[in-house]
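Please keep the sequence and the three-dimensional view open while you go through them.

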Amino acid sequence: MKKLQNKVAVVTGGSSGIGFSTAENFIQEGAKVIITGRNQEGLNAAAAKLGENAMAIKSDASNLADIDNLVSFVTENYGKVDILFINAGIFLPTQIGGVTEEFFDIQMNINFKGAVFTLEKFIPILAEGASVINLSSINAYTGMSNTGVYAASKAALNSYTRTAATELAPKKIRINAVNPGPIDTPIFGKAGMSPEMIQGFAQMMQNRIPMKRFGKPEEISKLVTFLASDDASFITGSEYNIDGGMAVLV
Ligand SMILES: NC(=O)c1ccc[n+]([C@@H]2O[C@H](COP(=O)([O-])OP(=O)(O)OC[C@H]3O[C@@H](n4cnc5c(N)ncnc54)[C@H](OP(=O)(O)O)[C@@H]3O)[C@@H](O)[C@H]2O)c1
């Protein structure tokens, strides 16, 4: 039997990168998947690729009314959720000294507030034995230049994950965080970096990774699928670095 047979999975930010790859993997393992994003064209293209076991709904993670609509949509169409992959996120690099309130709010509202309220609003329809996975980042533990607010948004998410694990355990809901290192997705292009900057950043990053390469979205989705499955039935409140060894290199 497939690992996620008959499970219902919600993947926020499922139209691209890690979220899309995970939606593909969930479906291969037998799940029905609902993906979200803000861009309708991207969602349509992703849903077409994922096929009949996927539905796409436009929903901005930083907008609480949108999250309410998403929960209503899932409730009406599926009744419950077994897997909640809270993955929607953005990366906006800037140096300390150049942080505006708008820059702070955009990043915190999607990466942290959006994650908190996605969980908050899905709790009533999370099934017994449900698994929640928060997509964080290795940046939660690094002091990499230009990442101050992004890194703090992910560190907050990891802290929140630990408390949520304690409080949700009596409901038999597991929650864990995954901390990727640099992964080859469109996120860097969306960060306002020029192709030359991305090239320079990629070179610098690879020099800091013992495995000397970026990760691939499929490498993250396999770990997320494991945590989503009953194979991880005794795992909650944990964090997994998946970074080619970056976190251990001094
Ligand atoms: N790539 C990396 O190196 C890396 C490393 C560590 C952690 N991460 C984390 O991994 C997650 C996924 O990133 P990725 O690399 O796969 O990036 P990506 O390819 O840019 O995908 C991001 C996804 O999130 C969606 N999204 C962004 N803002 C959203 C919002 N407000 N509401 C709903 N959906 C939203 C995007 O769709 P729309 O644009 O249509 O909204 C897209 O589907 C993020 O949380 C990121 O911080 C990435």
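1. In this predicted model, the axes of helix α3 (residues 64-78) and helix α4 come within 10 Å, and they cross at roughly 35 degrees. The crossing by which α3 passes α4 is right-handed. On the side of α3 the contact is made by Leu64, Ile67, Asp68 and Val71, while α4 brings Phe117, Thr118, Lys121 and Phe122 to it. If you sort these residues by class, you will find 5 nonpolar, 1 polar and 2 charged residues in the contact of α3 with α4.

2. Read from the N terminus on, the elements follow the order β-α-β-α-β-α-β-α-β-α-β-α-α-β. The radius of gyration of the protein chain is 17 Å, which is close to the 18 Å given by the globule rule for 250 residues, so the chain is as compact as a globular protein of that length. Taken along the principal axes, the box filled by the C-alpha atoms is roughly 45 × 35 × 35 Å.

3. In what order do the strands of the open sheet lie? The 7 strands are arranged as β3-β2-β1-β4-β5-β6-β7, and their pairing is parallel. Because β3 (54-58) and β7 (239-242) stand at the edges with a single partner strand each, one side of each is left without a neighbour in the sheet. On average, and with direction ignored, neighbouring strands of this sheet are turned by 20 degrees against each other.

4. The last point concerns the ligand, which is surrounded by 32 residues, the closest being Gly13, Gly17, Gly37, Arg38 and Gly89. The elements that give two or more residues to this shell are α1 (17-28), β2 (32-37) and α4 (101-122). Which element gives the largest share of the shell around the ligand? That share comes from α1, with 3 residues. By class, the shell around the ligand divides into 12 nonpolar, 17 polar and 3 charged residues.

Methods
Residues are numbered from 1 along each chain as its sequence is written. This is a predicted model: local features need pLDDT of at least 70, side-chain atom pairs count only at pLDDT 80 or more; totals for chains, interfaces and linings use all residues. A residue is near a molecule or strand if its C-beta atom, placed from the backbone, lies within 6 Å of it. Helices (H or I, at least four residues) and strands (E, at least two) are DSSP runs, numbered from the N terminus. Ala, Val, Leu, Ile, Met, Phe, Trp, Tyr, Cys and Pro count as nonpolar, Asp, Glu, Lys and Arg as charged, and the others, Gly among them, as polar. Two strands pair if DSSP finds at least two bridges between them. Axes are lines fitted to C-alpha atoms, for helices over the stretch in contact, and angles run from 0 to 180 degrees between N-to-C directions. A crossing is left-handed if the near helix is turned anticlockwise from the far one by less than a right angle, and right-handed if clockwise. Two residues are in contact if their C-beta atoms, placed from the backbone, lie within 7 Å. The radius of gyration is taken over C-alpha atoms; the globule rule is 2.2 Å times the number of residues to the power 0.38.
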